[in-house]
Amino acid sequence: MKTCSDITDPEAVARAVSGHDVAIAAVASVAAPKNFFGAATDGLVTGLHNVGVTRLVWVSIASLLPDASGVPAVDADGFPAEYRPFSLGHRLALEVIGASGLQWAAASPAGDFGPDTSSVGGYALTEVGDLASRISRADHARALVDLAERSDLPREHVGVLPLAPVGKASTVNGEGHR
């Protein structure tokens, strides 16, 4: 595993991903999020293309997932104004990645991370956000790695939910299908 010192710099990205088949990227900035996420995904996509890495797993946010009625939280009435720029920066990143020609998937908690949430040993993927849902960082990380190991990334944003207590296997890939 390598880290990139400046994701906005295509050469730094290329150095970090050179020799790998897939990249997993998680970045954040609350200062000028639209500018930051635009520059970050431009640098990331260019750097990946420059060294022939064609697969990307992007860590996104739940506010962009549609709820049961089909409306992303960021577009719903009552979404906190102070979080809107950060969410819209992430939306811009997904647009850049979607237009990049890469094989990609974006994954976020379907709701949020639970600071005191223990790993249940697995997860489920969903296309619908559930802002009340909480997942452990370990189970979310498991989902990211499983997605990165897939050869058929879905080119969409998916939410990650903890498995119900009766299940203990990943629902994404390999022997863990439920």
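S108 lies in strand β3, which covers residues 103–109 (strands are DSSP runs of E of at least two residues, helices runs of H or I of at least four, both numbered from the N terminus). The model is predicted, so local features need pLDDT of at least 70 and side-chain atom pairs count only at pLDDT 80 or more, while totals for chains, interfaces and linings use all residues. Residues are numbered from 1 along each chain as its sequence is written, and side-chain values use heavy atoms, with hydrogens and water left out. S108 counts as buried because its relative accessibility is 0% (buried means under 20% relative accessible area, exposed over 50%, partly exposed in between, with a 1.4 Å probe and protein chains only). Beyond four places in sequence, S108 touches residues including S60, H140 and H157 (contact means heavy atoms within 4.5 Å).

In helix α3 (residues 84–98), the buried residues are S87, G89, H90, A93, L94 and I97. These residues lie on the same side of α3, because they cover an arc of only 155° around the axis (the arc is that of the directions from the helix axis to the C-beta atoms). The buried residues of α3 pack against α2, β2, β3 and β7.

The largest nonpolar core has 23 residues, of which I7, L44, L48, L56 and W58 touch the most other members (a nonpolar core is a set of buried Ala, Val, Leu, Ile, Met, Phe, Trp, Tyr and Cys residues joined through side-chain atoms within 4.5 Å). Helix α2 gives the most to this core, with 5 residues.

The mean pLDDT of the protein chain is 90 (pLDDT is the predictor's confidence in each residue, from 0 to 100). Over residues 172–178, pLDDT stays under 50.
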